[in-house]
Amino acid sequence: NPRWRNFWDWSIFLGSLLPALLLGVAFGNLASGVPIDQNMQYAGTFFDLLNPYALLAGLTLVMGCVLYGAIFLSLKTTGELREKASALARKLWLPTLVVMLALMTATYYATDILSSWGVNPGAVRITGLAAILLVGYFLRKGREGWAFIMMAVTITTTLITVFMIMFPRVMISSLNADWSLTIYNASSSPYTLKVMSIVALIFVPIVLAYQGWSYWVF
């Protein structure tokens, strides 16, 4: 029935849109800080998380994911669908760049990175900015493969930059800087970390191999 087809198309769309939006909101709140009390407990409400900076971070991630997806479709399809995906990617690049630059600017006002710089991201941050500029260049040249790689570099370096800025904090308290969660006071025991490391070394390559195989097949 066409109604069911339409229903599931919208379900897949929303089921992909909302996680990207909320993950961006989550990272925005990690960078700007959330109300954490002296007991390391969250002391706010759900709506405290939907602040302007976090929503801007969510919009940025959504835009980045849509651009990334359009580039991916242009690589994996042919004919009319490929042409539509390529055209969409070219149209989305500039708005995505603008939103990213807006988020970078807002970060200096909505976070404490100027006074509590963790690790200077330096070349990592510059690499991310150069990569998103190269995405536009390669899209105009019709080289979607390189545009796809540059978009991956942009996303990766952005996330690395966020955590380098926050280091050693993993969740910043907006109530009191001393109540922030760090890699030291929020970590598991040394034995647990050792076991988790061994498990990760075994299974992460398996997961990555499976994901690569899935992308290749589909």
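Is Thr156 buried, partly exposed or exposed? At 42% relative accessibility, Thr156 counts as partly exposed (buried means under 20% relative accessible area, exposed over 50%, and partly exposed in between, with a 1.4 Å probe and protein chains only). Thr156 belongs to helix H5. The C-alpha atoms of Thr156 and Met104 are separated by 15 Å, the two residues being 52 apart along the chain.

The structure is a predicted model, in which local features need pLDDT of at least 70, side-chain atom pairs count only at pLDDT 80 or more, and totals for chains, interfaces and linings use all residues. Residues are numbered from 1 along each chain as its sequence is written, and side-chain values use heavy atoms, with hydrogens and water left out.

The secondary structure comprises six helices and two strands, where helices (H or I, at least four residues) and strands (E, at least two) are DSSP runs numbered from the N terminus. Along the sequence these elements follow the pattern α-α-α-α-α-β-β-α. A box of roughly 60 × 40 × 40 Å, taken along the principal axes, is filled by the C-alpha atoms of the protein. Of the 218 residues, 29% count as buried.

Helix H2 (residues 52-76) packs with helix H5 (residues 144-166) at an angle of about 155°, and their axes are 9 Å apart. This makes H2 roughly antiparallel to H5. Axes are lines fitted to C-alpha atoms, for helices over the stretch in contact, and angles run from 0 to 180 degrees between N-to-C directions. Angles under 35 degrees count as roughly parallel, over 145 as roughly antiparallel, 65 to 115 as roughly perpendicular and the rest as oblique. The crossing of H2 and H5 is left-handed, meaning that the near helix is turned anticlockwise from the far one by less than a right angle.

Side chains of opposite charge can pair when their charged atoms come close. Four salt bridges were found in a search of the whole structure, a salt bridge being a side-chain nitrogen of Lys or Arg within 4 Å of a carboxyl oxygen of Asp or Glu. One of them joins Arg5 to Asp9 (3.6 Å, N to O). Both residues lie in helix H1 (residues 2-32), four residues apart, or about one turn of the helix. Arg5 is exposed, at 60% relative accessible area, whereas Asp9 is partly exposed at 39%.

In helix H3 (residues 79-110), Glu80 and Lys84 are likewise placed four residues apart, about one turn of the helix. Their side chains meet in a salt bridge (3.4 Å, N to O). Glu80 is exposed, with a relative accessible area of 55%, and Lys84 is exposed at 54%.

Another salt bridge links Arg82 and Glu144, with the closest N and O atoms 3.2 Å apart. Arg82 lies in helix H3 and Glu144 in helix H5, so the pair ties together parts that are 62 residues apart in sequence. Arg82 is partly exposed, with a relative accessible area of 30%, while Glu144 is buried at 8%.

A nonpolar surface patch is formed by Tyr191, Val195, Ile198, Val199, Ile202, Phe203 and Ile206, which together have about 690 Å² of accessible area. Patches are made of residues with over 30% relative accessible area and no salt bridge; like charges are joined within 9 Å, and nonpolar side chains (Val, Leu, Ile, Met, Phe, Trp, Tyr) within 5 Å. Accessible areas come from the Shrake-Rupley method with a 1.4 Å probe, and for residues only the protein chains shown count as cover. Phe203 is located in helix H6 (residues 190-217) and is partly exposed, at 48% relative accessibility.
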